[in-house]
Structures are given as C-alpha cells and as structure tokens.
Amino acid sequence: MSRGALQPSQQKLAEKLTILNDRGIGMLTRIYNIKKACGDPKAKPSYLIDKNLESAVKFIVRKFPAVETRNNNQQLAQLQKEKSEILKNLALYYFTFVDVMEFKDHVCELLNTIDACQVFFDITVNFDLTKNYLDLVVTYTTLMILLSRIEERKAIIGLYNYAHEMTHGSSDREYPRLGQMIVDYENPLKKMMEEFVPHGKSLSDALISLQMVYPRRNLSADQWRNAQLLSLISAPSTMLNPAQSDTMPCEYLSLDTMEKWIVFGFILSHAALNSDPAALSLWKLSLQSSSCLCLFRDEVFHIHKAAEDLFVNIRGYNKRINDIRECKEAALSHAGSMHRERRKFLRSALKELATVLADQPGLLGPKALFVFMALSFARDEIIWLLRHADNIQKKSTDDFIDKHIAELIFYMEELRAHVRKYGPVMQRYYVQYLSGFDAVVLNELVQNLSVCPEDESIIMSSFVNTMTSLSVKQVEDGEVFDFRGMRLDWFRLQAYTSVSKASLGIADHRELGKMMNTIIFHTKMVDSLVEMLVETSDLSIFCFYSRAFEKMFQQCLELPSQSRYSISFPLLCMHFMSCTHELCPEERHHIGDRSLSLCNMFLDEMAKQARNLITDICTEQCTLSDQALGPHAVPRRKTGQQRRRQAKPSPSSRHLDKLHTALSELCFSINYVPNMVVWEHTFTPREYLTSHLEIRFTKSIVGMTMYNQATQEIAKPSELLTSVRAYMTVLQSIENYVQIDITRVFNNVLLQQTQHLDSHGEPTITSLYTNWWTSCFYRYLETLLRQVSNGHIAYFPAMKAFVNLPTENELTFNAEEYSDISEMRSLSELLGPYGMKFLSESLMWHISSQVAELKKLVVENMEVLTQMRTSFDKPDQMAALFKKLTSVDSVLKRMTIIGVILSFRSLAQEALRDVLSYHIPFLVSSVEDFKDHIPRETDMKVAMNVYELSSAAGLPCEIDPALVVALSSQKSENISPEEEYKIACLLMVFVAVSLPTLASNVMSQYSPAIEGHCNNIHCLAKAINQIAAALFTIHKGSIEDRLKEFLALASSSLLKIGQETDKVTTRNRESVYLLLDMIVQESPFLTMDLLESCFPYVLLRNAYHAVYKQSVSASA
C-alpha cells in the first residue's frame, strides 16, 4: 500500500480499534477456556487421551504442520473410524484457532495503517486513541503468548485437519496458514519482536507519553501521605471546589494496565531502551514494581526471566540484562513492603473518604474524581497482592499475607455503594457542569481555533449543542442519558486530528484535547456510572483465584477486628459476571455457578461463626443462671478484702466481653446489606443467621434436657426453663446487632418443640419428657407397681405432688423434684398446650392397656360377678360368691395405677391452666364460661367437642375426652356392643366388691397430713369416676345410674367389714371407709345425700375422728 494512496480520514481508526479491542478480549476468553479445558483431565477432549488414538496423535504432532495420509494407514486407521466424531467435537477448538489467526491479520493490517498514517500518540492529549492503541498491542501480545501455552494446540489442529482430509479428500483451506502460524509463534515474543520492528516508533512514542503519568502513579505510600492524597478534609476551604486535572482519565488509569503497556511495549520495541533515557526510566521503574504481570485472569507472565531470555540473544544488550537483574533483585527485596505500605495508606484514606461521603453525599459531585482514583488505586494493590502471593517465591512472606485486605475491599464496596445510591446527585451536578461551564469553555476554544475544517467544526458544534441542551429537569424526570455517540465522535475526532498532515492537528492544540478529555469524564458521570465502577473497581479476577479467595476469607473471620468486613467477600461475588464475554457464552453458566457457590459458602460460614459466638455467650449465661439456682442462690457474705478483689472484672466477665465484642463486629457485617443479587439470585445474609440460630437453638434446647436413656436421668423442667429463658435473653439481644425477627426464631423452634418430632425428624423436649414420664409409669407396672402399692412413692393431694417415702432401696430420682406444682408449671411453659396434649395421649395409652387387662379379669370372673351384681342385699350369698373371685388384688392394683396416672395428669392439667391463665386470661375465661354453661341435654358429640376444647386449655371436665378416645380404640370385633357394655358394668362391680380387702393392708392407713393413703389407694376415687364416665360415654349408658350401682355395692361390701371381729382383716377399716367419701367428693355425678342413703354418715365422721386420733398418737 503506497502512502500516497492512503486517505487517513477514511481509515476509521477509532472504529477499528474499538472493535478489535473488544474482539481481542473475546478471543482471549475463548483461548483461556481452551487452555483450562486441555489442562483438566475431566474436560480435555477425549481424543487426546484415547489410548487407541495415542500413536496417531504422536505421529500428527511429530509431522506437524505437514500432512501425510498415504503411507501411514496403520497408524491412522483408528482415526479413519472416528473422523466424523472428531470433526464434530473439535470444530469449536479448531475454528477458535482460525479466529485467532484472522484477528492477528486484522491487527497487523491496522498497525501498518497506523504507521502509514504517522499517527501522533500522547496519553495526556488524545487519551482514547493512545489507550486503545496500547491496549490492542498488549491484547495481541497476550493472545499469542496464551496460544503458545496450549500444549495440545498442534494435536487438536492436526487431528481436525486429518479428519477433514479423510472426509473431504483435502485439507481445510485455513490449515496451511494456521499451521504455519502455530510453528512461527512457538516463541511468540521472539517472533513479535521481529514483527514490531516497523511499528517501533509509533509504539515507543505512545509509551514515552506515559513519562508524566506512570511515575506520578507509582509513588510510595509516604509520598502519597505527604501529598494528603484522596483527602477531602485536608483543605476544608476547597472542599466544594471540583477536583480538576489536565489529565482527568489518566488519574484513575490502572497502574496494572500501564505496567503491561510498558513491559510488553518495550520488549517489542526494545531499541528505544538504548536510545531514549525516558524509555529506559519507565522500563526500570515498572520492572522494580512487580515480579509478574497478569496476562489474563490467573495466567501470569514472569517479567524478569522472560525479558532476560529474550535479550540474552541480542548482541550489545549486556547492559540491559544487568538492568533486568538489578530490577529483579529490587522487586524481590522492596516491592512487597512498598505495596504493603500502600495498602495500609489506602485503608485509612478510603475509610476517611467513605465516612465523609456517607455524611455529605453532595460532595460526590465535585469530588467524584477522588472516588474513582481511590477505587482504581485500591483495585491495583489488591490485584498485585493476589497475583504475587500466588506466583512468586518470596523473601519475606509477611509482605504477601495481608490479614487486613478485607478492610480495603470493604471500603471499596462502600464507595461503590455510595456511587450507586447517590447517582442522581452526581447526575444533577454534572448536567449543570456540562451545560453551564464545559459548553461555554469548549465554545470559546473552538471559536479561538485558527484553523477548523468543516468536518471537525460540525463535530465540535454538535458537542457544544448537546451539552447546552442539558437541564436538571431531565434528571428530575428520570430521563435516561446516553452520551456514547458523543464519546465515539470525540474518539473519531482524535483519530482525524492525530494523523500526519491533518488540517487541525491535535498535537498543536493540546488544550483542546485536555478539555475534551475532561468533558468526556463529566459525561460518564451522567450516563455511565456503572461502567465506570466496573472500569475502576472490578475484582472479578477473584473468581479465578478461588483458593486464595477462600483463604483470605478464613483469615478475615479468624481476626476479630476484621470480621466486621467479612461481608466484602460475598459482595465480591457480584463482580464475577462482569468478566464474561459475549464471544464465549458457554462459560457464563460455569462462572455464575461459581459465584453462587462461593457467595453461599461465605454467607454460611459467617452465619456459623456468629452462631458459635452466640452459643458460647448462651453457655456462659446459662452457667450464670444455674449458679443463681438452688444452693448457689445465697452466697456467703464477702469480707472487705474479698469485695475489693471482686471490684476487678472476673475472667468470666472478660471472656463474655470479648465474645460480645466479636459478635457485634461480625453482626455488623451480616447486617451491612439487606440483600445482594448474584447472577440473578438474591441472597439475604440475615436469613442465613436466622436459619443457623433456629437449628442451634433447637439442638441446644434438646441438649439442655440432659436426657440419658440408659440411666433415665433428665433435667428438672424448672432448670431447663431457666436455661431456655437465659438462652432466649441472649438471642433477644441479637436484635441490637442485626435486624432479624428473633420472635420468628422463637416461634419456629418452640412450636416445633411442642410436637413429637421437629421438622428434621429429631426428638423434641415433648417426646423426651413424655418418654421419661411414661417410662416411669411403665416401671410402675413392673417394679414400681409394687413400690407404689407398698408405699415407696405416694401421691400427696395436700402438696399436689408425688413424694418419695423412706425405703431400703433408694429410688433413682426424687419424685417431688419433678412433680410439684412449680415443676409442672415449668413443664407446661416448655411443652405448651400441644406438648401437654401429646403427654396426656401417651399417658392415656398406658391407662387403656390397663383397662384392657382389667376387662380380661372381668371376663374370667363374669359368672360370679353377674351373680354378685344382683345379690348385694344378701350378705351370706355375697360372702360365698366373693370367695370364688380370682385376681382381686390385681384388679385393685391396676385401678390404683390408673388412679396414679390420672392424678399426675390432673396435676399437669392444673399447671397448664395456671400457665395459660397467666398468658391468655381472657381466652381461658371464655373457654371456661363456655364449658360451665353447656346444657345437660346437649348432644354428646357436641359436648365432647366442648370438653376437648376445655381439656386443651387445662380445664377439668366431667368426662375426660382423651380417656374416651383412648378407650374407644379398644373395641373388639368379636364382642358385641351389648357384651362390651356388660363387661364395663361388671368391672365397676368387681372394683366395688373388692374394696374391703384393702382394709387388711398395713399400708392402707389414711394420713391426714398428706390427705391420702400411703399406698395411693386414695387415687382409686379419681380412677373409678373417670373410668366409669369414659366407659359409659362410649357405650351410651347412664353414668349416674352405674355410679349409683357402684356406690350401693361398695357401701354394702364395706358395711360388712364393720361386723368383722378379726383385727387383721379390719386393721385399716376406718381408712378404707373414707374412700367412699373421696369417691363422692371427686364425682360430678354423685351427691352426699345419695351416699348417706347407702352408708351412714356417722360412720364416716367416726372414721375421720379415728384416723386423726391415730395420727396424733403416732406422731407423739
């Protein structure tokens, strides 16, 4: 192409640079993914590891790029079989390499055009043109280096081409050039050094323009500190003045980007290092700052080794090699500490900036440049640390382990949040700035131009008109701004005015270039804030350093002072999708999944850490609560010396303080954002904590019962309730740190504890206490049955508790400690109505099993009992029939145990009623009123529904609905309803005629002190009444008539023992007489008048007198 034929204005340099740079990033993404796939045995193309193709692959690679298919049929035979599959599966890889070759062709063509146009480059003047040119050179270089790192490239290309040859009879048309390119770029930098000889001047000119920018950006922390960099409050008088610079876009230009330009640029145009001191100075400074550069994502380039290997073969470059070695030593010795100090400075600077802007968001207008500078500086330092910590052998590891990195990331995220939140504030400011100042200044500059061709004049006028037409009302109306066309026009204008012999040369009008660069920055503040945040603070590179990312997170959690910044790690996961490219859509899903899994893992770990701290605090508080119980409640009086010693904080309180401090720090992080959106998924950090608290609270409550199935030990309900309340007090205090609904946690957990199993299918305190109590009553049937009967454990109506009586064999538990009214109330508080209902149902199951046994005994004695039922007025006949009865003692014992269980249930119901009356008095009183006023003639089904409601509220009922349900399930299929009814009637007869035998039992003595009998026969009153009510409700008989019959039989039987002369038989006659009074007192169906008609009241009065007299004499 001859220069005379080239028309610079027609070359569309701006458009080509924009398109090729974007395409270059896309090609890098695809090549990177191919490299990673080939390096992963699971993702590698199967043909490369197929044993059958191994010899064919080796042959192809050895001969590459030549193609020989005729004389090697044996080696390529297997290839012939799979050619179609190879073509299909390797096409994506092959054509990616073809795309790289085409990209290379376009880049070379554009670079030649730029050289031919003799384009002027200066980063401070035509920023966009220079930046895009340098970016293209680096992208092209990076792409070729990355391509050379794919070890399987020859095998993939060769396999595809051989399959193509076998299928179509000829090689792919792109193969010859592609194969040659792969061979030529075995050592990409060496090849490109030769290739860039013609481009040396343009490239070196562009790089040397960095001499005013790069050294100013690459300063030490002390220099930044002395200059009070990024401080808004260092000069209060100028706080409202807009942050100005002649090189606005250079101020937030990435240091990492500039170092890549310099290193790769001067490797490719290395002649400038010998001829230009400014070039050498830039080169040395960049080599001293880093040991490796980021090629793409986690692929790095080791600067010093690569540069030395390239220069060692060039004659006369010994001095440059020595420079490289000196710089390498300097980088290893000092770069780590220099960057560490920078990060330390940036932490305090960004904290100050974020704090001031949070208080005065209006400053985001004039000081927006400071925000983006701060973000860019911090991002560069974080990426530098990430890259070097993972890839460099360090002399001092402390410089490469930063436990405070989370703090720096956090303040970056805070600044980003300010920009997003107060975007409209910035828009209002810069819309006024553009229309009221920039448009005026630009208009004056254009008017003062000595020469301004028509095309350039039209573009400039459009700039002025666009800015002049802006108004604040557009912001208030929510109008969407779009200045991309204006920025592209400015890019085009840079290209037009930067070529040689341009009518309007930008090199001669630098002020115009600097002014326009400033205006472009201002337009970005109006319509491209999100893009600016990505440009200056994108940290999606963490996606490819997962191990380092997770390690930094763990270090952050381990350091209490840093845990408040741990939220920055899940927030970083929001960045990940910005690293994807439309040319490689297949990786979006993979990167999205990684961002979701990491975000989930971080939030889960944060919640676990907070949960563990809360658990530790709860444990401490529960310990303190336990110390306030029982023997610990009243400590000895302290001496003066002890009180003075006590004034110092105890180790326990100091430990608690540390736990609270650590918790408040971590909760700040969890509470920092209400939710975050990662790859279209919304995460709510507080919900993670809520979920973990629910799980831990559930486990803790169950754990605090201390239930041991082997020894049948369990915590007293009052102790458990105290511990649970202490736990809940701590959990309630969490609301001071985090905006979570802790009441919801309580409701979810405590309601589940009222059920048999929780939502995970695990036992609850309801099931544990129910199992414990039912096992106690089960042991009554085995061993405790004898103990209860013999007076080892007694139910004391006066105390409303079960009490251990002195015995030779000590019992495993103290009954009073578990069954007194306070313990039962505590149990009711814990279990609630649902739990107490479940406990009742379990007890009723035991009663129903006893009733089933009693029915069997009735069936055995049915004939005798039928006769006795009709012969109660014939004493002699009754005495004879009674002798024929069997298992009389068993009937009484089983009825006694039923009475004991019902007495316990009565205690539980009373406790439940007390608890509910305290919590919901109006509701309980309404239920009670409803129950008391139900008419007698009401249908039984309706009445049972009312009783069930009443029973659930702990109210006593004439007919126990739970007992009715339990006994109803016993109906036998082989027995008719009439027979069932008869058995029920005869059961009452059996009990009535058996009562006199109790008088001979030494333990049947009535004790006025406990208002009962030591062998619990006073519980028979409750058993007889409730069993009768339930059985005759089921069989639709008259409860009142059957109890009258019972009373007649019982009184007749007891009157007979009054005529007995045997002292053993009548030992406790008076105590047994009192049972009749108790049965009537307990019954809602019997009256004292009815009793007196059957049993003279004088006998009852005398019996009471006798037992009280006996009691007094015994105690004396």
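**Entry 1: Ser887**

I began with Ser887, which counts as partly exposed at 32% relative accessibility. For my own reference, buried means under 20% relative accessible area, exposed over 50%, and partly exposed in between, with a 1.4 Å probe and protein chains only. Phi of Ser887 is near 60 degrees, a positive value in a residue other than glycine. I noted that most residues other than glycine have a negative phi, and most peptide bonds are trans. Ser887 is found in the loop between α38 (875-884) and α39. The helices (H or I, at least four residues) and strands (E, at least two) are DSSP runs, numbered from the N terminus.

A note on the source: this is a predicted model, where local features need pLDDT of at least 70 and side-chain atom pairs count only at pLDDT 80 or more, while totals for chains, interfaces and linings use all residues. Residues are numbered from 1 along each chain as its sequence is written, and side-chain values use heavy atoms, with hydrogens and water left out.

I then looked up Glu680, which is not a glycine but has a positive phi of about 65 degrees. Is Glu680 buried or exposed? Glu680 is exposed, with a relative accessible area of 76%. I found Glu680 in the loop between β3 (676-678) and β4 (681-683).

My next stop was the cis peptide bond that joins Phe64 and Pro65, with omega about 5 degrees. Pro65 lies in the loop between α2 (54-63) and α3 (73-81).

**Entry 2: a hairpin**

I followed strand β5 (residues 793-796): Ile793 and Tyr795 point one way, Ala794 and Phe796 the other way, and all are buried. In a regular strand the side chains alternate between the two faces of the sheet. Strand β6 (residues 801-804) runs antiparallel to β5, and four bridges join them. Two strands pair if DSSP finds at least two bridges between them. Which residue of β6 is the bridge partner of Ile793? I found that it is Asn804. β5 and β6 form a hairpin with four residues between them, and Lys800 in the turn has a positive phi of about 50 degrees.

**Entry 3: cysteines**

I searched the whole structure for disulfides (pairs of cysteine sulfur atoms within 2.5 Å) and found zero. For Cys292, which is in no disulfide, the nearest cysteine sulfur is that of Cys294, 8.8 Å away. Cys292 counts as buried at 0% relative accessibility. Cys985 is in no disulfide either, and the nearest cysteine sulfur, that of Cys1094, is 17 Å away. Cys985 is buried, with a relative accessible area of 2%.

**Entry 4: helices**

I checked helix α16 (residues 303-311) and found it mostly covered, as seven of its nine residues are buried. Among them are Ile303, His304 and Phe311.

In helix α22 (residues 472-476) I picked out Val472. Val472 and Tyr430 are 42 residues apart in sequence, and 9.4 Å apart in space, C-alpha to C-alpha. Taking contact as heavy atoms within 4.5 Å, and not counting residues up to four places away in sequence, Val472 touches Arg428, Val431 and Gln432.
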